[in-house]
Amino acid sequence: MAATGEAQPAKHQEVGHKSLLQSDALYQYILETSVYPREPKPMKELREVTAKHPWNLMTTSADEGQFLNMLLKLINAKNTMEIGVYTGYSLLSTALALPEDGKILALDINRENYEIGLPIIEKAGVAHKIDFREGPALPLLDEMVNDVKLHGSFDFIFVDADKDNYLNYHKRLIDLIKIGGVIGYDNTLWNGSLVAPPDAPLRKYVRYYRDFVLELNKALAVDPRVEICQLPVGDGITLCRRIS
């Protein structure tokens, strides 16, 4: 009970609690009515396995996974990239959405986490779509940018990695995404901290990365090469459609 005597809504069940909705009960309603009933069995299994991991806050929320799956189908994506994989929930959502000959270049510094979800991805029959590369993304992206044949070769790119490098990623990805293709940057509302007062009590990692997220949002807002749409799904996702 709250100090006022009013009953508080129960905390919803979603791993990581990434919703920006003020009502936990409303978010739980969304999950139970439109997300969980349509969630593919492999994604449910991977979500539940990831929930047991000590870093489960890093996972993509179930509603965002559903959104990404729908978006990829709407834009008929075939050749994609994901920077930041963790256990592979968003990766699996992408793989399930792509056609049989679709491809995902998946980049992450930690293969051990990816291998938590790999047996489920294999069981789902989509592992052949994934080219996983372990290590920092920037050196590989530099190699790709230097190969003119790869310019404009990706339909969709999803970035959910080190926030202090988001702008560095953007400088490279803009050459690799095709005209009309979409780059999605995750966590662009960053726990709602972007509008918090300077003296707000924030967790150390939230406070550390907040300025980098603010810098990214300002840069994307004035980048003439993209159209943008910032959505309050999960922890905030900004879609950038390349137009030039």
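Predicted model: local features only at pLDDT ≥ 70, side-chain atom pairs only at ≥ 80, totals over all residues.

Q: Okay, helices. At what angle do H6 and H7 pack?
A: Helix H6, residues 137-145, packs against helix H7, residues 166-176, at an angle of about 30°. Their axes are 10 Å apart. Angles under 35 degrees count as roughly parallel, so H6 is roughly parallel to H7.

Q: Is the crossing of H6 and H7 left-handed or right-handed?
A: The crossing of H6 and H7 is left-handed.

Q: Which residues in H6 and H7 meet?
A: From H6, they are Ala-137, Leu-138, Leu-141, Asp-142, Met-144 and Val-145. From H7, they are Asn-168, Tyr-169, Arg-172, Leu-173, Asp-175 and Leu-176. By class, that contact has 8 nonpolar, 1 polar and 3 charged residues.

Q: While we're on H7, is Lys-171 buried or exposed?
A: Lys-171 lies in H7 and is exposed, because its relative accessible area is 55% and the cut-off for exposed is over 50%.

Q: How far apart are the C-alpha atoms of Lys-171 and Leu-231?
A: They are separated by 22 Å, and the two residues are 60 residues apart along the chain.

Q: Other pair now. At what angle do the axes of H2 and H4 cross?
A: Helix H2 (residues 41-50) and helix H4 (residues 89-97) have axes that cross at roughly 175° and come within 10 Å. Angles over 145 degrees count as roughly antiparallel, so H2 is roughly antiparallel to H4.

Q: And which residues make the contact?
A: H2 contributes Pro-42, Met-43, Leu-46 and Arg-47, and H4 contributes Tyr-89, Leu-92, Ser-93 and Leu-96. The H2 contact with H4 has 6 nonpolar, 1 polar and 1 charged residues.

Q: How many residues of H4 are buried?
A: In H4, 8 of its 9 residues are buried, and the helix is mostly covered. The buried ones are Tyr-89, Ser-90, Leu-91, Leu-92, Ser-93, Thr-94, Ala-95 and Ala-97.

Q: Take Ala-95 then. Why does it count as buried?
A: Buried means under 20% relative accessible area, and Ala-95 has a relative accessibility of 0%, so it counts as buried.

Q: What does Ala-95 touch, leaving out residues up to four places away in sequence?
A: Ala-95 touches Ile-104, Val-126 and Lys-129.

Q: And how far is the Ala-95 C-alpha from that of Asp-108?
A: Those C-alpha atoms are separated by 16 Å, with the residues 13 apart along the chain.

Q: Switching topic: where is Glu-64, and is it buried or exposed?
A: Glu-64 is in helix H3, residues 62-74. It counts as buried because its relative accessibility is 1%.

Q: So which residues is Glu-64 in contact with?
A: Setting aside neighbours within four places in sequence, Glu-64 is in contact with Phe-158, Asp-186, Val-233, Gly-234 and Ile-237.

Q: Last one, Asn-187. Where does it sit?
A: Asn-187 is in the loop between strand S5 (177-186) and helix H8 (204-221).

Q: Is Asn-187 buried or exposed?
A: At 5% relative accessibility, Asn-187 counts as buried.

Q: What joins the side chains of Asn-187 and Lys-163?
A: A polar contact of 2.6 Å joins the side chains of Asn-187 and Lys-163.

Note on methods. Residues numbered from 1 in each chain as written. Heavy atoms only, no water. Axes fitted to C-alpha atoms, helices over the stretch in contact; angles between N-to-C directions. Helix = DSSP H or I, 4+ residues; strand = E, 2+ residues; numbered from the N terminus. Parallel < 35°, antiparallel > 145°, perpendicular 65-115°, else oblique. Left-handed = near helix turned anticlockwise from the far one by under 90°. Contact = heavy atoms within 4.5 Å. Nonpolar A, V, L, I, M, F, W, Y, C, P; charged D, E, K, R; others polar. Buried < 20%, exposed > 50% of the residue type's maximum accessible area, 1.4 Å probe, protein only. Polar contact = N/O pair within 3.5 Å; in protein donor to acceptor, adjacent residues only side chain to side chain.
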